[in-house]
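Please look over the chain shown below before reading on. The paragraphs after it go through the model part by part.

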Amino acid sequence: MERAALLRSITCSTLACNRFFLRSSHRLSLPSASFSSSLSRSHRRSFGTLTRRSVLRRHWRLLPSSSSIPSTRCFSSLSPKAIATSPEQSSPDAVGSQDDLAEKYGFDKVSEQFIQECKSKAVLYKHRNTGAEVMSVSNDDENKVFGIVLRTPPKDSTGIPHILEHSVLCGSRKYPLKEPFVELLKGSLHTFLNAFTYPDRTCYPVASTNTKDFYNLVDVYLDAVFFPKCVEDFQTFQQEGWHYELNNPSEDISYKGVVFNEMKGVYSQPDNILGRTAQQALFPDNTYGVDSGGDPKVIPKLTFEEFKEFHRKYYHPGNARIWFYGDDDPNERLRILSEYLDLFDTSPASSESKVEPQKLFLNPIRIVEKYPAGKGGDLRKKHMVCLNWLLSDKPIELETELTLGFLDHLMLGTPASPLRKILLESGLGDAIVGGGMEDELLQPQFSIGLKGVSEDDIHKVEELVMSTLKSLAEEGFNSEAVEASMNTIEFSLRENNTGSFPRGLSLMLRSIGKWIYDMDPFEPLKYEKPLMALKARIAEEGSKAVFSPLIEKYILNNPHCVTVEMQPDPEKASRDEAVEREILEKVKAGMTEEDLAELARATQELRLKQETPDPPEALKSVPSLSLLDIPKEPIHVPIEIGVINDVRVLRHDLFTNDVLYTEIVFDMSSLKQDLLPLVPLFCQSLMEMGTKDMDFVQLNQLIGRKTGGISVYPFTSSLRGKEYPCSHIIVRGKAMAGRAEDLFNLVNCILQEVQFTDQQRFKQFVSQSKARMENRLRGGGHGIAAARMDAKLNTAGWIAEQMGGVSYLEFLQALEEKVDQDWIGISSSLEEIRKSLLSRKGCLINMTSEGKNLMNSEKYVSKFLDLLPSSSFVEKTTWNGRLSSENEAIVIPTQVNYVGKATNIYDTGYQLKGSAYVISKYISNTWLWDRVRVSGGAYGGFCDFDTHSGVFSFLSYRDPNLLKTLDVYDGTGDFLRQLEMDDDTLTKAIIGTIGDVDAYQLPDAKGYSSLLRYLLGVTEEERQKRREEILSTSLKDFKEFADAIEAAKRKGVVVAVASPDDVDAANKEHPNFFQVKKAL
Ligand SMILES: [Zn+2]
């Protein structure tokens, strides 16, 4: 889940694509990683693109801003394994012999450094024959990472680099099957497996903690990159890129292709269109002026010849940068590489792939673009405006870049940051757009703006941005704000918490950001010196002297500014579709009868190929572990359960580098039903409304100065075998252990002293939340559909939907008006929520840190609990919410659909067994992948089994189909019944499942998972039992599961988030199949 969250979060405007959409996108209900649905679905906040982009940022913008982002990704610590490199490796003798070995394998050592910040020895090599560069980073981190990155600047928007990124993973010389990538997904222990296309590079990373598994992954990726089958196989190009589809000469021709549909989805999202428009306008003269991901209008211009030529030209070792990281043998890395690199000679690729810098404009420009909008609502208030600057005509040196990063955090990093605060408080728009400072490309940019803006206010927004920047340059920042930003940045650097993203990968992305432009790959890894220098400068000269000149030079006095205005256009979607239809009709009209027959035959042939399984010999070529390589016991997390002041306290003694992580859990079950939709806004109010003595800016700065961040969010899940769900509000916080007292004092202050009196701020929260929900509906409709189905099937799902689904969006729409009419009523409802939550009864505390820190914190916990009311609970209310069980279509302006179908299989008498994890993963990776994605043309299709509620659901993502996808879901039972499977395949399926169950976690995530297991009643015995059941899964289990799945076919409920045309067509084909609900 977190993994998926991260992956999706980097599909932003700079990153054209992730290789695939992970099935666990909305939940992963495995016993070891029980992050429940509701957590990920309703409470991952994102502030426009601000946090989405931050994941990939280098240096101190690597992590999102402090206090208000509850996502798990900003919690965790230095890996316990990342301690100093072993002396053998750094002793002169060993180095000598290593150099000799490098020689032998054909590499010259360019440079070697010990990098204190990540306690690693890093050696840069150059391969003698080809010029390939290799960074070999050695340390004690067991989560090993490999990545190969090629510079792939496109010349047009046909999406060549993106289609190639998809295609090279579709079979290669040594692994001649349809999709070795999918085999790895199914059957390896990878902790990371994906590929990304950037505007100027393509990146293939893998990670694993198991050395044998790691080298298997590396070999498959190297073979894929250098010797892919796709350059000889037109059908792969058609499948991943684009092709004409014609099932029958009498029907219409349509476009199909995985990337084609993926990008149609991207081009349905206003934020994405804005980001792309801005980037292209900022860089009219170089490669960033086109879309490496592919514009659906341009993709069909791409020919197979151009595609092959692009691979020949750029996928050469001379144009590659290769990264190894972790605790494996550095010599083995070079040996493996030499096997591939020695097969190549020199090539001019690296000079041909150089990215030319964009020259600065002499005058600002302005662009107006339309985006597809729904017909409902007041369109005049749906404009967007964003100001974008290209900061320099060449790459900026590191120290300035770091200072700019700091400035970015000061201006925009937290809700209390002035630029963000002033824009949101202006009432001119609903939410921030633009990512702030962006330094992923050759030249840095800065963008900021608002969406949900009224047509008449566009210029006011522009003036406000400029006047705010001007006054920041004139007046500077107050010292509390500077201290808070400094502490936040330092904390996140030292904590180095990358969530479930491997640390080695995060370092690679930092390094490659410079290395790819032929700059020093070591520099970006070393933050300590420049950070200290900056601190000293601020102390000496004052922050104004440091930051004001930067604002003036790079923004205020910089003419290279592009203002992008986006106008809502309710006709755009249908106009685009009409244009596409017209083109296709012309194509058809120009074809002879023979041509049409031939096209129908080719369509048939492609489908047949897609649906024919790989022969067993080919499947065997993909290396795999054996069950003997798999530990028999689940990963153990230490837990000690004690009591302080009558409150249960869970302690996890883990190495966290002296960071204390805590979760304070309150029972939500006594809350009145009609208050549920207010809960997310209640949580935001706690963090962002301020107390009697401190306004929210001061409160946020205090949190920034004393802690590593605090967040508050609801958590809901079904409990297996129980009618009543578990529902809590969790306060999560972290700080250096020496500041435990501050941390608990601040949590107390937030919970008890915050005043719900600021009507204007509350109003902003409502519009921001509304904007966020609308965004989620367009970009993550599968999550919305899943929540909706859950809400029809169980109470926990209903609660979650009230706080994060379509019902929540409707609630927000009504609330927007109510804030003006009945603020007193709302304010007292917020107070009522607080009263029903805050009690020692029903409270639970979870702490993760080293033993001594846990012990030292006890007195502060005790004091914190003393201050909580001990009043006994108001009686448990009974929530009896359920949505009606009709099939439903949520209609939005989109070119692609999200289609879901779900049922509770416990109702059919199915009893949970560990094999269910293996089977549902298998269904996702074979049946649904092949039918929904490969032949259906959707970006993703998967199923999910929530073992707590019993809900088994099918979902598709960016799907061109609607009813057809439901047919695939309904065929799953038959697929399982007819399934034949050899031992090898079964073993792979089991190992892949263990890989999910044993997902790599940093210590804070371990402590958190243990807490959730405690809340959900998952015992160690149960985990052991499930693991044994997973390991002993047999074909018989698959057949038995088919019966449970059949129930979905008969009794399942369908929810689709879809385009109006497709819903109309579906209801014509099956009258009244869908109840229709307009959501945007
Ligand atoms: Zn893609």
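**A walk through the model**

Glu 438 stands opposite Gln 445 in strand S15. This is a predicted model, in which local features need pLDDT of at least 70, side-chain atom pairs count only at pLDDT 80 or more, and totals for chains, interfaces and linings use all residues. Residues are numbered from 1 along each chain as its sequence is written, and side-chain values use heavy atoms, with hydrogens and water left out.

The pair just named belongs to a group of strands. Helices (H or I, at least four residues) and strands (E, at least two) are DSSP runs, numbered from the N terminus. Two strands pair if DSSP finds at least two bridges between them. Strand S14 (residues 431-438) runs antiparallel to S15, and six bridges join the two. A hairpin of six residues links S14 to S15. Strand S13 (residues 383-390) also pairs with S15 in the antiparallel sense, over eight bridges. In that pairing, Trp 389 has Phe 446 in S15 as its bridge partner.

Is S15 mostly covered or mostly open? Strand S15 (residues 445-453) is mostly covered, with eight of its nine residues buried. Here buried means under 20% relative accessible area, exposed means over 50%, and partly exposed lies in between (1.4 Å probe, protein chains only).

How far can the prediction be trusted? The predictor's confidence in each residue is the pLDDT, which goes from 0 to 100. The mean pLDDT of the chain is 88, and 91% of its residues reach 70 or more. Over residues 1-95, however, the pLDDT is below 50, although this stretch has 366 contacts in the model beyond near neighbours in sequence. A contact means heavy atoms within 4.5 Å. Where pLDDT is low, the predicted coordinates should not be read in detail.

Some single residues come next. Val 562 is found in strand S16 (residues 561-569). Val 562 counts as buried because its relative accessibility is 0%. Not counting residues up to four places away in sequence, Val 562 touches Ala 281, Leu 282, Phe 361, Ile 365, Ile 367, Cys 386, Leu 387 and Asn 388. The C-alpha atoms of Val 562 and Ile 148 are separated by 34 Å, and the two residues are 414 residues apart along the chain.

Ile 489 lies in helix H18 (residues 479-495). With a relative accessibility of 1%, Ile 489 counts as buried. Its C-alpha atom is separated by 33 Å from that of Tyr 1014, 525 residues apart along the chain.

Asn 961 sits in the loop between strand S26 (951-957) and helix H35 (963-970). Leaving aside neighbours within four places in sequence, Asn 961 is in contact with Lys 256, Asn 897, Val 899 and Gly 936.

Now turn to a stretch taken from a record. UniProt lists residues 566-815 for "domain: Peptidase M16C associated" in an unreviewed entry; its positions are given in the numbering used here, feature names are shortened, and annotations may be inferred rather than shown by experiment. Over residues 566-815 the chain is 52% helix and 18% strand, and the end C-alpha atoms are 26 Å apart.

Helix H25 (residues 679-688) is mostly covered, with 10 of its 10 residues buried. Among them are Leu 681, Gln 684 and Glu 688. Just after H25, Gly 690 takes a positive phi of about 85 degrees.

Nonpolar residues also form cores. A nonpolar core is a set of buried Ala, Val, Leu, Ile, Met, Phe, Trp, Tyr and Cys residues joined through side-chain atoms within 4.5 Å. The largest has 87 residues, and those with the most contacts inside it are Phe 762 and Ile 845. Helix H27 (residues 740-753) gives the most to this core, with eight residues. Apart from this core lies another, of 71 residues, including Leu 185 and Phe 324.

Cys 118 is in no disulfide, and the nearest cysteine sulfur, that of Cys 203, is 18 Å away. The sulfur of Cys 726 is too far for a bond, because the closest cysteine sulfur, in Cys 843, is 15 Å from it.

Technical notes
A disulfide is a pair of cysteine sulfur atoms within 2.5 Å.
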